[in-house]
Amino acid sequence: MTDGQLLRYSRHILLDAVGIEGQDRLLAAHALVIGAGGLGSPALLYLASAGVGHLTVVDHDTVDLTNLQRQIVHQEDRVGELKAVSAARTLQALNSEIRIDVVSERADASLLDRLVQAADIVLDCSDNYPTRQAVNAACVRWRRPLVSAAAIGLDGQISVWDTREPDQPCYACVFPPADAVDEVRCATMGVLAPLVGMMGSLQALEAIKLLARTGSSLAGRLLMVSGLTLDFDQIRVARDPACPVCGARHTNDARPSP
């Protein structure tokens with residue numbers, strides 16, 4: 001770590017739970033962030049400012065005027081610009097030392113299969129159910145911890161799906177891919193700006209803890225937040241042995257080597 005980095009990240013280094021070793025791990029880490037919108041904005045800003053050395057930003061959409069109410073990584077003069085490009089500009093201005101890869105493509109299964117295997121951790125900041133399922137499937141396949149959140153209206157939720165541990169559930173254990181889901185979008189239901197800021201910040205916090213190897217994560221717990229009352233409720237979630245995504249993987253893992 002250089003003298004400049006020691007100074008820049010000194011407030012992390014002062015923490016016994018992080019220290020120089022933890023900060024070194026952050027500098028060497030690669031985080032893949034799917035979505036540069038309401039959740040992705042604060043998550044990306046905090047990952048960059050914390051010194052996560054390599055960020056890959058995936059978003060195929062462009063900045064719209066209605067996004068600026070909550071998507072704080074973008075600016076007025078970026079309306080019409082690709083979100084991933086706009087986000088990278090902001091992040092690079094915040095921390096010129098980190099590497100930022102821009103992927104302005106839709107996060108389909110093929111793209112995710114390529115990107116997830118190259119990352120140390122994945123943050124799902126997308127806004128639709130099919131993408132969340134595709135991200136989860138790729139994370140299970142490549143054994144990458146997944147930090148997933150959602151926010152709509154005045155309610156949010158977040159969890160960590162870490163199937164590196166055989167007893168931990170994946171996203172599909174709790175939200176089965178075959179279930180019919182009535183998609184609710186910000187464009188029709190609205191969302192309170194600070195709520196997505198809170199949930200995205202929590203995603204960054206969980207990712208940083210995992211990368212620095214400190215604290216305990218939300219794995220095995222689903223945290224639900226009410227922006228209206230500021231109540232925080234959590235429920236324990238268990239792995240489904242019949243899960244169509246991670247169930248087969250655990251069965252294969254249990255088989256003896258030939």
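Two strands pair if DSSP finds at least two bridges between them; strands (E, at least two residues) and helices (H or I, at least four) are DSSP runs numbered from the N terminus. The model is predicted, so local features need pLDDT of at least 70 and side-chain atom pairs pLDDT 80 or more, while totals for chains, interfaces and linings use all residues. Residues are numbered from 1 along each chain as its sequence is written, and side-chain values use heavy atoms, without hydrogens and water.

Eight strands form an open sheet of mixed pairing, in the order 3-2-1-4-5-6-7-8. From one strand to the next the twist averages 15 degrees (axes are lines fitted to C-alpha atoms, for helices over the stretch in contact; angles run from 0 to 180 degrees between N-to-C directions).

Next, select 146–152 and 155–161. Strands 5 and 6 run antiparallel here, joined by seven bridges. Pick Val147; its bridge partner in strand 6 is Val160.

Helix 5 (83–94) lies across strand 2 (54–58) and strand 3, at about 170 degrees to strand 3. Helix 6 (109–116) lies across strands 1, 2, 3 and 4, at about 160 degrees to strand 1 (30–34).

Finish by selecting Arg25, Asp120, Arg143, Arg144, Arg164 and Arg213, which are among the residues lining the second largest pocket.

Technical notes. Contact = heavy atoms within 4.5 Å. 1 Å grid on protein atoms, 1.4 Å probe; cavity = no way out; pocket = protein on both sides within 12 Å on 5 of 7 lines; lining within 4 Å.
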